[in-house]
Amino acid sequence: MSEPKRRPRRAIVFAGGGARGAYEAGVIQFILDELPARLGHQPRFDILSGTSVGAIHACFLAATAHLTENRGARLANFWNSMRVEEVLPLSMKDLLGLPRRLLGLRRTAATLRSGQAPERLYGLLNTEALERLVMRAVPWRSIRRNVKEGHVDAVCVAATQIATGRVTVFVDNRERSVSEWTRDPMLVPRATRLLPAHALASAAIPILFPAVRIASRYYVDGGLRLNTPLAPAIRLGADRVLVIALRPDIRKFHERALERLRLEDYTSPAFLFGKVLNALLLDHLDTDLARMQLMNEVLDEGERAFGPEFMPRINEVAEQERGRGFRRVRHIVIRPTADLGVLAGQVLENMPVDKSRSPLLRLATRNISTGRSAEADLLSYLLFDGEFVSPLMELGLADARARGDELAEFFSDD
């Protein structure tokens, strides 16, 4: 009598990118609110892994995993309700004082040397209102309960520890253990009960947002080394992975038309800082996917060469040597079909800006109107405003609908 087939263990992986994360919300809305009609049941994720804004989305899905209706709409309402003046309040006086705040790093260093350990450590922007919004949007206490009750198996949040530069992956799982999890010295797993501070630390964009203290250590955006945390999901046993990325596939997205115009915008500080921020938030996704696909091919070719006994035999040795066997991992990657920095520029070009709007918006709009490439990478990370995030969610929803058949297959148990 054959053993019953094991249900696939599915993971969703969210990338980081500040306000760009609204794209992820659009994809989630399709999966949670539209896909169930095709599947005949609610999609289930066993493992949730995220960095930066993706960490907040992972925590939201974990905290609401026991619910069956309107989760996608609830997340969309959270994004649509944002207004940048309320989320990131910034007066003209604050804007003019940014250079002086940069010079305040010496005072911060003196504070630390005196033995004080503030909850937040420096940052050009005041994120208190944004933090309050995040804390209200996620029922944080439900994460641990849903993990204990089996609605999800594990939730991962990646953040970069300032002192060491290493990525700490905070893991809330039923086993409360992550021993023998990885051999990568730059990736440190830590079992914990996830709290708002872990997600806020993961989302702390360096220099712009203040670093967050957890216990005695300070953390910033996990995207500095792990912007799309695929590895934790694989390490925790996923054999189907859905990745929501926030950058287009460069192999399909042609940028030649923008290259000349970008050279003409090179003298713009906002343009330069946006490009630097893109470079800082590293994305090893394609490398990780290539490595995973190579392993799948090795396993397939091994079975073709040595027959069906190949997998059991190699895994017998692997489990003795490394504590876990090999397995095939299927994946789907949903990527934006438009450049989100260009989309931000288009929104700013068409946005009527009066004196009631943020000085940052008014300044950015003037720069866009005199620029050539109409890109706004920096603002695309900071534009927590319904006028920008709504088109992003619509793009995510449309891109997910276009992949509806693949997503339906992903959530089947075949």
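Which residue forms a salt bridge with Asp 288? I looked this up at the start of my notes.

**Entry 1: the model**

I recorded that this is a predicted model, in which local features need pLDDT of at least 70, side-chain atom pairs count only at pLDDT 80 or more, and totals for chains, interfaces and linings use all residues. Residues are numbered from 1 along each chain as its sequence is written, and side-chain values use heavy atoms, with hydrogens and water left out.

**Entry 2: a pair within one helix**

I found that Asp 288 forms its salt bridge with Arg 291, with 3.1 Å between the closest N and O atoms. The term salt bridge denotes a side-chain nitrogen of Lys or Arg within 4 Å of a carboxyl oxygen of Asp or Glu. Both residues belong to helix H14 (residues 285–306), and because they are three residues apart, about one helical turn separates them. Helices (H or I, at least four residues) and strands (E, at least two) are DSSP runs, numbered from the N terminus.

I then checked the accessibility of the two partners. Asp 288 is buried at a relative accessible area of 15%, whereas Arg 291 is exposed at 53%. Here, buried means under 20% relative accessible area, exposed means over 50%, and partly exposed lies in between (1.4 Å probe, protein chains only).

**Entry 3: pairs between separate parts of the chain**

I noted that the structure holds 15 salt bridges. One of them joins Asp 46 to Arg 7, the closest N and O atoms being 3.0 Å apart. Asp 46 lies in the loop between helix H1 (22–39) and strand S2 (47–51), and Arg 7 in the segment before strand S1 (10–14), so the pair ties together parts that are 39 residues apart in sequence. Asp 46 is buried, at 0% relative accessibility, while Arg 7 is partly exposed, at 37%.

I also examined Asp 413 and Arg 10, whose side chains meet in a salt bridge (2.8 Å, N to O). Asp 413 is in the segment after helix H20 (404–410) and Arg 10 is in strand S1; this pair links distant parts of the chain, 403 residues apart. In this pair, Asp 413 is partly exposed at 44%, and Arg 10 is buried at 3%.

Which residues are linked with Arg 7 and Asp 46 in a network of salt bridges? I listed Arg 9, Arg 44, Asp 153 and Arg 174 as the other members of that network.

**Entry 4: cysteines**

I looked for disulfides, a disulfide being a pair of cysteine sulfur atoms within 2.5 Å. A search of the whole structure gave zero.

**Entry 5: positive phi angles**

Where is Asn 70 found? I placed Asn 70 in the loop between helix H2 (53–63) and helix H3 (71–80). Its phi is near 60°, a positive value in a residue other than glycine. Asn 70 counts as exposed, at 52% relative accessibility.

I recorded a phi near 60° for Ala 215 also, again a positive value in a residue other than glycine. Ala 215 sits in the loop between strand S7 (211–214) and strand S8 (217–221), and it is exposed, with a relative accessible area of 62%.
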